[in-house]
Every structure is written in structure tokens, then in C-alpha cells.
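Let us take a friendly walk through a protein model, one feature at a time. Have the sequence and the 3D view open as you read.

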Amino acid sequence: MTSAELEAVAVKSFAERFGSQPSIASCAPGRVELLGNHTDYNGGLVMAAAIDRYTTVVGLDRPDRDGHVYALDFDGSDQFPLSNIARGEVGGWPNYVKGVVWAIQEALGSELIRGFEIVVAGDVPLGAGLSSSASLQAAVAFFLLGAGVAPGRSVGQYEGEGSASARMDLAMVLRRSENAFVGVSSGLLDQFSSLFGRADHALFLDCQSLEFDRLPLGDPGPAIVVCDSKTSRRLADGMYNRRHAECQAIVAYFRDRDGGDAVRLLRDVSLADLEDCWDDLDPVARKRARHVLTENERVLQGVSALKAGDLKRFGRLISASHASSRDDFENSSPALDALVEAARSAPGFLGGKLSGAGWAGCTVNLVEADKAEAFAEAVAASYARTRGVTPEVHICHAADGASSRPLTR
């Protein structure tokens, strides 16, 4: 479904739900991680792409002090006072909406000046590692900015040339929303990607310095084919946070060894230091760290490959990332491994890996654009034979980041 089609669905639902026409529409893409698996919260390097799967928010401001939300995909609603925002049931979708309002108000040091009513609709696959949550966060944030209910902020600050600093600040606010309100120890990659995406480009981010770049994928660029294993996992179930803690155990070792605060994040540890101290480190945590540090190197090589226009080399790095995730970080699964194996022999395959947090969900594959349909058919058939389940396959392309616009009433 295109973003325009999603918007039309949301507008129709809004009229039915609230009895009026919305004045603002916002849209934000999901994302795929291309390189840099679990490096972001370790202060590392990442590469991603926003994809043409979206969350759309349409709505109106209202004169009272309440937020009213209806989520079409869940057929669920929520209402909450802006002056006393409380977290709901763990894992519930309303927390992501409430968390954005909470974090924006915290960043501004004041409450929103008016309430709102919104309808949310999306086609980012849920629980599949494509960051439907960050897409929702960014769409809600751009609605609030477009509606003019955030004191001292306007959507114009986040658009056009010179908006990078404002968008990065917003990405940090949205990350805090997920960390401190929702309770998921995510890094910056998801929010950054949904805000900074550009059609036919990959995104590079240094999560420590916040240096970023947009790197052309070619003209025409390759297809980004997402294969859903039809297995699901929830970020808040503890696995993501457990890996975060395992990485922090290595940081604590080197901080205690060296003294001071020279080592604050895993990024501050060199691969050579890790290997020198290998026998003294926790046998599980050291493997997690090796994955993160070698993944940082793969990102640097990936940037070099794209700047040279070498998609085949870039694809090989993507496949190497999956092997490292599978063997050292251990966040793959038999289903994800089967999808990656099926992709290797499919037409047009350049590289493939698990997407997002891992453990279940989707794989992401770089595929020659003119062979994307044949690739999708081959992978689906192979996976169905080996796993007895037909995967859902999404042929995507790199897309632009979040935006909002006024609607004619």
C-alpha cells in the first residue's frame, strides 16, 4: 500500500470515528538494518535504509487537555490526560504514542498547549524487525509538530536544508521515549532511520559522534527484499535487554581494568584489546563483544563499498554480518537461518541477513532490481519446502524519511 493509500484509509476512519475531517497528516517509514546489528546502543557504527512501508497519522488538535488515539490496525483506542501520562500495559501499542508526548513535553519543559485526536494506520509488518515502533513514534511526533501543539516548535524546523540538527535532536527525544517510557533499551538507529531516510540511499550513522551520511545505492538502486519467517518476538520480552547487559559486562571489565572513564561504551574497546584479554573474559559476553566490534569494521567497509559503487562487495558484507550474528551474538534462529540459506541460491541475490533485534521476524536481502520478483518466488518456495510455512515476502525500496502536511478541510 502506498503512503497516499494509507492516508486515505486513515482519513475515512477518522471521519467515522470522530465525526469530522482531520487537518494534518503525517507519515513515517519503517526501516531495515543493512549493517551494524546491535551496534547502536554500544556507541558503534550502523548502516540502514528507510523503506517504503509506512505508518500514517491523521488528526486534529482539540481545545481540551486530552489525547485521543484510535489505532486502525489493532482496532483499539486509548485516551489519556496530557498533564499526567502513565504507562499502560507492558508491550501495549498505546505506550509508544503516550511515550512520544511524554518525551516531547519533557524535552520542552512544558506541556503541549492543546490536546488532540488521531487515527493511526500502517503497513509496516508488526513484530518483524522492521521498526514499526519507530515508524509510529516518528509519525506521531510529526503530527504533533504539524498540528502546532508543541510550544515553540514548528514543523518547518524539521524540513528542508539545514534541518539535520533539529531532526537529530528529535531522534534523541524519540529514543528517550522508547528507553525511559516504554522500557526497551534500544539504540538510536531506528528513530534516526525513520527521520533521515532518502529514496535510493543507504544511511550511515556513527552512534557516538552522531556523524551521518547518505550513500547512493545506485540508479536504479537494488530492491530491498524483506522475507518474513512468520515467527514473532517482542522486544520487551527481555532478550534485547539481556544482550545489552552482556555487552555492558565487557565494558565494566575494561573500565575496572583501566580505571577512569576512558571506556564508557563497547565502542571504546578495541578488537585487539578484546583478543588480548579473551581468556579473562566471560565466555558468553566476549562473543557478544566480538560480534559488535567486527560489525563496526564491516560498516566501515560497507561505506567504502557503496562510495565505490560496488554493490556485490556490499552484499557480501551483509551476508558476513548474518554469520556473525548467528555464531557470536546468537540472535538468529533456525527459521531465519533457513531463509538466509534459501536466498543464497535465488536469482539476483547480493547478500542477506537477519533484520533488527533478531531471534525471529524477518531477513533483509539486497537483490538486483530486475530479478526481485523471481527472487521472492524462489525464496518462498524453498522456505515452504524446508519449514512447511509459506513466508510473506515484501519487495521494498529505500524511501524518504518522516514528513507531515496540512489537509484540505
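Helices (H or I, at least four residues) and strands (E, at least two) are DSSP runs, numbered from the N terminus. This is a predicted model, in which local features need pLDDT of at least 70 and side-chain atom pairs count only at pLDDT 80 or more, while totals for chains, interfaces and linings use all residues. Residues are numbered from 1 along each chain as its sequence is written, and side-chain values use heavy atoms, with hydrogens and water left out.

Start with a pair of helices. The axes of α2 and α3 come within 9 Å and cross at roughly 50°; axes here are lines fitted to C-alpha atoms, for helices over the stretch in contact, and angles run from 0 to 180 degrees between N-to-C directions. The two helices, α2 and α3, are therefore oblique to each other. Angles under 35 degrees count as roughly parallel, over 145 as roughly antiparallel, 65 to 115 as roughly perpendicular and the rest as oblique. The crossing of α2 past α3 is right-handed: a crossing is left-handed if the near helix is turned anticlockwise from the far one by less than a right angle, and right-handed if clockwise. On the α2 side the contact (heavy atoms within 4.5 Å) is made by Y96, V97, V100, V101 and I104, and on the α3 side by S133, L136, Q137, V140, A141 and L144. By class, this contact has nine nonpolar, two polar and no charged residues. Ala, Val, Leu, Ile, Met, Phe, Trp, Tyr, Cys and Pro count as nonpolar, Asp, Glu, Lys and Arg as charged, and the others, Gly among them, as polar.

Now follow α3 (residues 132–147) to α5 (residues 189–196): their axes come within 9 Å and cross at roughly 55°. That makes α3 oblique to α5, and α3 passes α5 in a right-handed crossing. From α3 come A134, S135, Q137, A138 and F142, and they meet D190, Q191, S194 and L195 of α5. Four of the contact residues are nonpolar, four polar and one charged.

Next, look for empty space. Rolling a probe the size of a water molecule over the atoms shows where empty space is left. On a 1 Å grid over the protein atoms alone, a cavity is a set of points where a 1.4 Å probe fits but cannot get out, and a pocket is an open set with protein on both sides within 12 Å along at least five of seven lines; lining residues have an atom within 4 Å of a point. Grid points are joined across faces, edges and corners, and a volume is the space filled by probe spheres set on the points.

How many cavities of 30 Å³ or more does the structure hold? There are two. The largest cavity contains about 60 Å³ of space, and its lining is formed by I104, A107, L145, R153, Y158, L170 and V173. Helices α2 (94–108) and α4 (164–182) each supply at least two residues of that lining.

The second largest pocket holds about 310 Å³ of space. Of its 17 lining residues, G160, S163, R167, R198 and R214 lie nearest its centre. Here α4, α5 and β7 (212–216) each supply at least two lining residues.

Finish with the backbone. Most residues other than glycine have a negative phi, and most peptide bonds are trans. The peptide bond from D219 to P220 is cis, with omega near 5°, and P220 sits in the loop between β7 and β8 (223–228). D75 has a positive phi, near 50°, and lies in the loop between β3 (66–71) and β4 (76–81).
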